[in-house]
Amino acid sequence: MARSYHNMAIIYYYTLDYKNALQNYRKALAINIDILGKDHPKVGNTYNNMGIIYNDQGKFNLAIEYYKKAIQIKIKNSENQHVDIGSFYLNIGIVYSNLKDERALDYYKKALKIYSKENYLKGLSAIYQNFGVFYSDVKGEYDKALEYYKKGLDVAIRYYDGDNYEVIGDIYHNIATMFSIKKDYKKTLYYFNNALQNYKTTLGENHENIAMVYESMGNMYVIKKEEDKALLYYEKCLKIRNIIFDMDHPSIVAIYNNIGELYQNKKNYKKALEYYQKGLELTQNRYGKEHLLTGACYTHIATIYQEQQEYQKAISYFDKALIANTKNKNSNTIDLVFDSSEYYDSKLLLETLSGKAKTLQLQFKQNNNIKDIQHSIVLYEYVDQVINSIRQSYQNYKDKVAIGNKAKEVYTDAINTLLLEYENKQEQISLDKVFYYIEKSKSNVLKELLNDSYAKNVIDIELPIEHVSLEKEVKTNQAFYRSQIIEEKSNSLSDTLKIREYENKLFSLNRRQDSLTKIIEENYPNYYQLRRKNEIISITEIQEQIDRNTTVLEYFSTDSVTYAFSISKYDVSVKKLNTPYLKNNIKEFQESITTQYIKSYKKIANILYTQLILPIKNDLVGNRLIIIPDGPLWHLNFELLHTKEIESDKALDFPYVLREYAISYANSTNVLFNSFKRNDAITSTIKKECLAFSFSDTLDVSTGKMMSLSALRDAGDDLPGTRKEIKAISEIIDGQYYYGIDAIETNFKENAGQYSILHLALHGEVDHNKPENSKLYFTKSNDTLEDNLLYSHELFALDIPADLTVLSACNTGTGQVANGEGIMSLGTAFQYAGTKSLLLSSWEVSDRVAPELMKYFYSNLEKGMSKDQALQQAKLKYINTADIFYTNPFYWGSFYLLGNSDPIVIDTPFVMNRLYWILLISVILCLLLVVFYYIKKNRV
């Protein structure tokens, strides 16, 4: 009889009649307990099946309760590592994942440990998939999710019989979704089509898995702004779901919300609200008015009312969403004590709080009630806390960068709100907060990495050396396998087995990195807190560190407006600049320089000056500027702008900003002025000399070797290209020089951390799509450990605490601009490795110009000039002395200074000579005085 009830329950479950399924399981459960006992394995299996139904119904607490009962029974009847226990752990993990609870990872790891046994390896695919779902849907760490999905696909292909199309279809679907988020639509469609093919082969035309693919394809076309195609796929999805689900099923609600969002994007608010209201009614019917999923529906509706300028209605729905997302439903203290951990879903919380704050700002513009602005400002403070929490929960570098996009949008609204308050109150505190949000939008990953380096060197933290060494080893191996994968994929006949092997090893290393981070977090909380410290330097602290001749000029750019925040020794101001077409103007500016189209260059150079500098000219104090760009401004060489229109086409006559200011650039004031960047104990051991490399791609490099720069000074003048450049600086500074067959990657890695100055006259290549794959070329060799391509990602594993790194190569200062991080260039990677400042190039530099320019630059450094002034004066001297044909800014304007601009102490080859001559002259003068004395005495 129990078996009959059990079989009926299964039938009802697969027909989605959960009520009758549960009734039959309860009848089967009662009979089995009565006949077999409460601890019989069949009782445990029934509990597990009931847990599955409760999970599908969204009754997550009941699901966990029944899964745990199943585990207890299974443990009593078998060993702790039984495969069924692993599956129960997996089920509990899935429920916690649905609850956005990180305990999901703990249960997935327990399941992984069991399934890693030889007999259970086939089941690993499902575990890896659920890891991926958690990192994607809960954490928003899409690159890490993609790693797990690919690992799951590898297992599925290896261990399934080849006819389990549904499992492989699930994986293809998940991978496609990740590529859609990454906006790689070619791969997205490839994996979606594979998923559909696998599903249809096994499941037929009307199955939820096929509906999910249609939904995902609709989402992709929304992102691509192809709304008609998106609507077509949403309707295909809805048609299937109406056949297989009840009307109030969450999957049907999801499609209603997607269609509503589509119409909202098209400004068809009536139609959008119609679909959102349908979704809300169904969700309330199933879950009630204060469920997390209901909260998401409230937020959708709130955004409609906001866009329709019905602000009170919008605020009302945002408040309902906040309550629905709150763990303690009886609490209504958001405006008194805010704690982001008291909410289920951080992403929904971020959307809701920022939406309400923006609505209050817009309402103020309508009614001029200052309380709306004050309330909005408080909410943005809460939003900032939520962003910090989300950012710190991410481990993957790319995922940390990705949160910068949302943060930039939110901080823009916060800045606009604070400026409205400043216009009304004229209080300094409003400007202080504006500066805070501008800084919070920049270089967060870099700050975290520098914090990490600093934390490891704080004595009282006492992080064990074995942990530091292990982390270093893991990072080094990660860099190695990333390079191997890139190299193998670049081969015309790439070995897919090798690539898979490297990817598996990299996957294991990434998991070791995660485990090590977890250990450090749990056992060394002081170190972990210092590592995650995210304080923002104050305006007053900046003013204490700059002199009277320096102004810090920080920009914050949006689509059509740029905010310019200037800080001088005794003053501070912020101005809103109208900068329409800024990105296109900067592109035209660069192209006019690199093509040497002087007429276009003169025009656009003055237009950009008029937009970006002239309105704030009176706020710029002194003759030194520290510029902190934002967005497209990272691609602008400010010193090449023109302060006025000019008729002459002679570059010698151009009114460059360079003539008025010595300019340096920085990622953020926090990175530039905070003390966490350097460790005196380390930097005191660095040689005050130069380590130089030059690249050779000739067939005969047999004469190449390592030599001292002093020996190079005695070489002839008939040196080729980059060697001539090194020869020029050897007249000024001592150190070591590698060229030809010795200019290899191994020699660089072994020596880079020992010198105050690195001068790399190497060829560089920027990968704009994957900045971490940008690279410097060293001379090819038979080295089996290194490929003589130094990738950006390898620099993360190196310690290069140099005072200055000169990358005299092609385009070392260009790259993709990431919101919240700035330009992702080769030079930036050196900052991650610890370099204090960098001299970079925005376009290819002529071998004819570089030696002269570098000679002037190093000569100025040797005289004690600050780095920015040394570069300014070098450029001005070059303009005034060069052949007129080579005075166009294309030849000399590429170089710019990033980072600390303080003077640098260097050991020059002339120090001893000067001392010798001073002593010699002193001795001669003394002798002359003695002779003069005796002559005078004898005359007397």
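The model is predicted.

**Ser 116**
- Ser 116 sits in a loop. This loop runs between α6 (103-115) and α7 (124-138).
- Leu 121 and Leu 124 are in contact with Ser 116, leaving out residues up to four places away in sequence.
- A polar atom of the Ser 116 side chain lies 2.6 Å from the backbone oxygen of Leu 112.

**Helices α14 and α15**
- Helix α14 covers residues 269-287, and helix α15 covers residues 292-307.
- They pack at an angle of about 160°, and their axes are 9 Å apart.
- α14 is therefore roughly antiparallel to α15, because angles over 145 degrees count as such.
- The crossing of α14 past α15 is left-handed.
- On α14, the contact residues include Tyr 269, Leu 273, Tyr 276 and Leu 280. On α15, they include Leu 293, Cys 297, Ile 301 and Ile 304.
- The contact of α14 with α15 has twelve nonpolar, six polar and one charged residues.

**Thr 299**
- Thr 299 belongs to helix α15.
- Its relative accessibility is 1%, so Thr 299 counts as buried. The cut-off for buried is under 20%.
- Thr 299 touches Phe 318, Ala 321, Leu 348, Glu 351 and Thr 352, leaving aside neighbours within four places in sequence.

Key:
Residues numbered from 1 in each chain as written. Predicted model: local features only at pLDDT ≥ 70, side-chain atom pairs only at ≥ 80, totals over all residues. Heavy atoms only, no water. Helix = DSSP H or I, 4+ residues; strand = E, 2+ residues; numbered from the N terminus. Contact = heavy atoms within 4.5 Å. Polar contact = N/O pair within 3.5 Å; in protein donor to acceptor, adjacent residues only side chain to side chain. Axes fitted to C-alpha atoms, helices over the stretch in contact; angles between N-to-C directions. Parallel < 35°, antiparallel > 145°, perpendicular 65-115°, else oblique. Left-handed = near helix turned anticlockwise from the far one by under 90°. Nonpolar A, V, L, I, M, F, W, Y, C, P; charged D, E, K, R; others polar. Buried < 20%, exposed > 50% of the residue type's maximum accessible area, 1.4 Å probe, protein only.
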